[in-house]
Amino acid sequence: MSHQDRHDVIVIGAGASGLAAATALHAVGRDVVSLEARDRIGGRLLSVSTPHTGRALDLGATWFWDGEERVRTLTERSGIETFDQHLTGDTMLQESTGVRRLTGNLIDVPSRRFANGSMSIVGALAVELPGESLRLNTPVTAIHPDGNGGLAVFTPAGPLHAEHVVLAVPPALALERIDFGDTLPADLQRLARSTPVWMGAVAKVVARYSSAFWREEGLAGAAFSRTGPLQEIHDMSGAGGEPAALFGFAHARAVGPGFEEAVTDQLARLFGPTAATPAALHVQDWSADRWTAPSTVQHLADYSLFGHRLYQRPALDGRLHWAPTETATDHAGHVEGALSAGERAARAVLAASNGADIHSSSVTTASR
């Protein structure tokens, strides 16, 4: 075994939670390597560029809210531009009997957005890591005790070894894609296989336009629909209305032949004929993303399992630590929850490896 094969900590997944854990551990001197199956960082934070320099649109996580201090502090520390979600205007309601206009914005609440997309968050974390510590296109196929008091992590490029492993991918996906042998307790296996994947069963659709024409009609860009395909629609325009965009959520099972035409027809019924011809239409079906959703994703619906007590306990003799947003005890499913879970995993690694105070601020993303 070469020296490069062994590390203090291996983090699996380079989304917000995995990078939060990796940067916190690197900051206190741990030898960390981050493995990411995709060819990009970010996980369910996915932004697409627009013709407007420094302005991107989000196909994954979009907002953060008051009280989510980890995100706020990270944006301020990193110089990430944010702005208020547009709220002004009326709401449209689509029913089987037709379309109605309702007074006021009945969907959106005060929140903040990332001017250059939510991927700016993970970019700010990744830049704090040594380049060689982040390995893309590296899926993990198995995790087993290595017989030397650590864990062996198997990849197509060969095995790596570490004292601790931080697992920052959805639990149900981890149990489907990674071979743990018979090492995980039965109750933990049942829990992980049953835990929903946040956004895993939805498709997000973003329609970009040349202008936010709906605002000129006194509309907020907000809509409910009981007929679909989009069930909930929001204004996704950038600061000052540029780039102009609407986005909506659909059940992933609705995606198929004719879906895009059905979406633009629906937008036209709600917001007028101009909405039928967006400059660009992006469809992100998260259920079809092999590194997000397990095959069972459509059947996982018990969100009370988020933040379950078993996820707070390291497994495999205290060496395997859970870190995806689904395991957070606060703000689960949000970017804030991902950062919180990643920090918790980092604290647990330090507590197990050197007796550090599990509440030490030295591994808190918001305080560095």
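Is R6 buried, partly exposed or exposed? In this predicted model, R6 is partly exposed, its relative accessible area being 24%.

A search over the whole structure identified 18 salt bridges. In one of them, the side chain of R6 meets that of E163, with an N to O distance of 3.4 Å. Because R6 belongs to strand β1 (residues 6-12) and E163 to strand β13 (residues 158-167), this pair ties together parts that are 157 residues apart in sequence. E163 has a relative accessibility of 31% and therefore counts as partly exposed, the class to which R6 was assigned at 24%.

A second salt bridge is formed by the side chains of E326 and R44, at 2.6 Å from N to O. This pair links distant parts of the chain, 282 residues apart. E326 is located in the loop between β19 (320-322) and α8 (335-354), and R44 in the loop between β2 (32-35) and β3 (47-49). With a relative accessible area of 0%, E326 is buried. R44 is also buried, at 14%; the cut-off for this class is a relative accessible area under 20%.

D84 counts as exposed, at 51% relative accessibility, whereas R112 is partly exposed, with a relative accessible area of 25%.

Helix packing was examined next. Helix α1 (residues 16-27) packs with helix α3 (residues 119-126) at an angle of about 20°, and their axes are 9 Å apart. This angle makes α1 roughly parallel to α3, since angles under 35 degrees fall in that class. The crossing in which α1 passes α3 is left-handed. On the side of α1, the contact is made by A16, L19, A20 and T23, and on the side of α3 by V122, L125 and A126. Of the residues in this contact, six are nonpolar and one is polar, while none is charged.

Conventions:
Residues numbered from 1 in each chain as written. Predicted model: local features only at pLDDT ≥ 70, side-chain atom pairs only at ≥ 80, totals over all residues. Heavy atoms only, no water. Axes fitted to C-alpha atoms, helices over the stretch in contact; angles between N-to-C directions. Helix = DSSP H or I, 4+ residues; strand = E, 2+ residues; numbered from the N terminus. Parallel < 35°, antiparallel > 145°, perpendicular 65-115°, else oblique. Left-handed = near helix turned anticlockwise from the far one by under 90°. Contact = heavy atoms within 4.5 Å. Nonpolar A, V, L, I, M, F, W, Y, C, P; charged D, E, K, R; others polar. Salt bridge = Lys/Arg side-chain N within 4 Å of Asp/Glu carboxyl O. Buried < 20%, exposed > 50% of the residue type's maximum accessible area, 1.4 Å probe, protein only.
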